[in-house]
Each structure stands twice: as structure tokens, then as C-alpha cells.
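Work through the exercises below with the model open. Each task is followed by its solution.

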Amino acid sequence: MIRIFSVVFFCMMSAVSLAQPLTANQLFLKLRARLDAVKDYEADVSMKIDIPFIKVPRLKGKLYFKAPDKMKLERNGGISILPRNGVNLTMNNLVPNADAAVIDAGKGILNGKEVRLIKVIPANEQDPIILTKIWVDENKILALRTETTTRDNGTVKMDLDYGRFEKVGLPDKVQFQMDVKDFKLPKGVTMDYDGDTKPAAQKATAGGRKKGRIEIDYQDYKVNKGIPDKVFAEKRQ
Amino acid sequence: MLRLELFKIFKRPRTYISFGIVAAIALVIELAMYADGKNFINFALQGINEQFDMRGNILNGYLITYIILQTLLVQIPLLVALVAGDAIAGEASMGTLRLLLTKPQSRSKVIIVKFVASLCYALLLLLWLAIVALGLSVLIFGAGDMINLKSDAMVIILKDDVLWRYVAAFAFAALAMATVAALALLLSCFADNSIGPIVGTMGIIIVLMIFSTLDLPIFSVIKQYLFTTHMVGWKGFFDDPVPYKAVGTSAMVLLVYTFLFLGASIVWFNKKDIQS
């Protein structure tokens, strides 16, 4: 009788413990572990860059990533352009390492889905990231949105849509919104044509920093196949 | 008669000085870019490189051609003036103008033929520029996506989308050269010595170009009426999207000036008392 009671009690306790929602810290560690599982990938991408002072058509190419922060866009001899200064277009780079303080900011709805919002503050005071807010789909352990406040490069917001590559935790589509500084060259040097369309810079909000957007559509991934470092070593021009 | 005028232009050794100058400037820029172009690009892209990592063949033939065209913005009109300014005044100083007019053709026709001959020279000069600037630069530096740096923006044009823009830009430049040729011809009608119209044309272009380039409010009202402001309309083809309306307006302004100068030349030349 005591044995039966013990088994029933153990089962009940297990069920209770399983039903317990993850703590914010556990959730973050699980998410971080999922990100860390992707050591490298190469993907065919289509990139739309909407920066106030850059006019560029949609770029297609191959995006290479290698943890922790190597990234390169290759465009068959064409010009590629990616953000720099430590804030590159990878979630690994925008979500602090496991050594961080995690604050539970409750639940919410994002694009019709229930999400947990956690705030992550890196333990290292020298970390380029000050704070990252992550909207997490608890069931799938997927970050649907991040908002990272950096020390030197303003705020980077990232919206992620998952689909075909959800199993490996990689998005089909990512939209970044970031702060960009103004760009100016003397008119005497560039000898602008006055008939030009209204300068793109004027369309943006006033002030030293403006908002820029980058949208990446991932067509295909090859994950953890091993990418040599020399792929990223191309001399910048 | 046109053949005769072309023969006169191309038999003079000084005609070929212009071709030599264009080739020399293009080659010097190409050599300089070959030797130190990366530093130049890094300097020009400083503001962008701080925030973005740009990779690929940025310093390619298309960009070098754009730099050459920008540099030759002032020089080419001066070289056109060298020939067009000599068209009537040169004949007058040599004493062959009266002889020319003894032939059974109207004075208006003489002016038009002189203008067309000067225009042919200008077109050949532009063709030569296309060969030494675009052809040679692409040969040396290769083709690729082109960047166009403006005072407040950077335009990236994909490789496959560049060539037609150069064709359009050279066509527009031809229109601008027609205006310069017409101006030089007009001044040439007033003089009996070719130095005056050549220097006069150069002077007018340089002064008006300063007005057009200086970004001062005092000039902003008159700027839009100066033909030199519209001579850089070829740059519009390297914007995205191309400001067709503005480029079209610039082309119209240049056409109006060309016909105005040509008309004034015809009127003046018909009334002129030819004494030499």
C-alpha cells in the first residue's frame, strides 16, 4: 500500500514539476543553448536594405555565418554591404552570452501568438550590449523578436519569422531596424546634380541618428557543415 | 560642304591636341587609381565604412569612368570651344571667309554646316573619351556594381544596370557639347581672330560653372537658368530612380540654349559686313 502510495505521489509530483512554467533564466538558457547549437551556416538570401542614405536595389547572394560573430555576404563578384561594429545580423550577436542577469517581464501577445518577454542584462560591464529584450515562443523555444540596446550603436530591433527551418531554430525571414548615423560629403567634392530627386536623407527623421531597416529572406540553409575561416578573410575594399 | 569643313578641322594638328589631353587625363587618373585607389575609396567611404562593412570589387572600371567624367567636366567644353570658336573667326583671320561666301550658298547654311562640323568633332571627342575612360578602365579594373557618392547618399547600381546609363550619359553629354559649340560659334561670329571667341567661351563657362557649383543662396535663383547647371544632367542617369523629369528639363534647357545661340549666330552672321 505504501509502495502504491509512493508511486502515485511520485507521479503527481513529477506531473506538477513538468507543468511548472520555466523560469525566465531557464528559458533564456534553453534559448541560448539552441542558438549555440548552430555553429555555422551558409544560406542563399535576398536582402532589402532600406537605409536613409543608401540607395541600393534588392541584393541576392550567399550569406555565410560562423559562430560567434563571423558573417559575410558573397555576391558573385558584386558589392556586398553588411552592418558592422559588432552589431552584425546574427541573433548570436544580439543576445548576450549565458553569463547574464535575466528578468521576467511577463507574458504578452506578439502577432497573435502568446509570448514570454524576458530582459537580459550581460554580467560583463564591458559587454557592447547593455540590455536585450526577447519575446520568446515558450512552446517552441524560439525568439520572435529581440530589441538590443548597445553601448555605441544605438538600438537594434529584430523581428523573426519561422517556417521551413524552425526545427533548427533558424528563421525564414528577419527584419532588422537599427540606428544609423548621418552621412555627409561636401557638395563641392561630389558636384551633385541639382535636378536629383529629393535626397533620401531628408525623408528620414531629423537629428544625428536615423532609423535604417534591413530585411533578409533566407531561401535555403546548410547548417553546421563547417566553414573555413578563410571564407571570411577577404580583404575589405 | 560639311566634308570640306570636317577636312579643315581634322587637317589641323591642334585638333588632335584635345584627343591627346583627354587620353592623358584619363590615363593619369587610371594609373593613380591603380596605384592608390584603395586609399581614395576608403577616404571617400569613411562615413559609410564606420557603420557598414562593404566588400567586393568597389574600385571597378565603372566607378573609375565616373571619376574621370567628373574630372573632365570642365575640360571637355573648353576643348570643344577650341574648334568651334575658330570656325568663323579663324576663317576671318586667315582671310578666307569672303572667299567661302562667294560660293552659291546662303550664310545661314554656312553657319549650320560649321555648327554640325563642330558637333561632329565634339562627338568624336566624346567617343574617344568613352574608349579611353570606359573601355580602358573596364579593361584594367574589371566591371562590377557601381557606387555613386552624392553629398548626402550613396547609390549602388548593379553591374547589369550600369552600361545603358553610360550610353545615356554620353548622349546627354553630346547635347551639352552642342550647347557649348553653339556658344563658341556665336562668339566666333563677332570676332576676326579665333583667340577671342575661344577664351571668351572658356571664360563664360568657367564663371557660370562657379555660379552653378557654389551652393550659396544668392546664386540659387539664377542657377536654374544657367546652361552650365544643366550640363551635369548626365549624372541624373546614375541616380536611383533616375529623375527623368529633371533630366528631361535639363535637356530641354540645353536644347533651347543651343537653338538660341545658333539662331543668334545666323542672324548676326547674315547682317555682318564681311571685310576679310
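**Exercise 1.** Find where α2(B) has a kink, and set its span against that of a straight helix.

*Solution.* The kink in α2(B) is about 85° and is centred on Asp36(B); a bend is the angle between axes fitted to the seven residues ending at a residue and the seven starting there. Next, take the span: α2(B) covers only 39 Å between its end C-alpha atoms, whereas a straight helix of 32 residues would span 46 Å at 1.5 Å a residue. This is a predicted model, in which local features need pLDDT of at least 70, side-chain atom pairs count only at pLDDT 80 or more, and totals for chains, interfaces and linings use all residues. Residues are numbered from 1 along each chain as its sequence is written, and chains are lettered from A and ligands numbered from 1 in the order in which they are written.

**Exercise 2.** Name buried residues of α2(B) and what covers them.

*Solution.* A residue is buried if 20 or more other C-beta atoms, placed from the backbone, lie within 10 Å of its own. In α2(B) the buried residues include Ser18(B), Glu30(B) and Gly37(B). Their cover includes α4, α5 and α8 of chain B.

**Exercise 3.** How many residues of α5(B) are buried?

*Solution.* Nine of the 10 residues in α5(B), which runs over residues 75-84, are buried. Among them are Ile76(B) and Pro77(B).

**Exercise 4.** Describe how α4(B) and α8(B) pack.

*Solution.* The angle is about 145° and the axes are 8 Å apart. The contact residues divide into eight nonpolar, three polar and no charged.

Key. Axes fitted to C-alpha atoms, helices over the stretch in contact; angles between N-to-C directions. Helix = DSSP H or I, 4+ residues; strand = E, 2+ residues; numbered from the N terminus. Nonpolar A, V, L, I, M, F, W, Y, C, P; charged D, E, K, R; others polar. Buried ≥ 20, exposed ≤ 12 C-beta atoms within 10 Å, placed from the backbone. Expected span 1.5 Å × (residues − 1). Contact = placed C-beta atoms within 7 Å.
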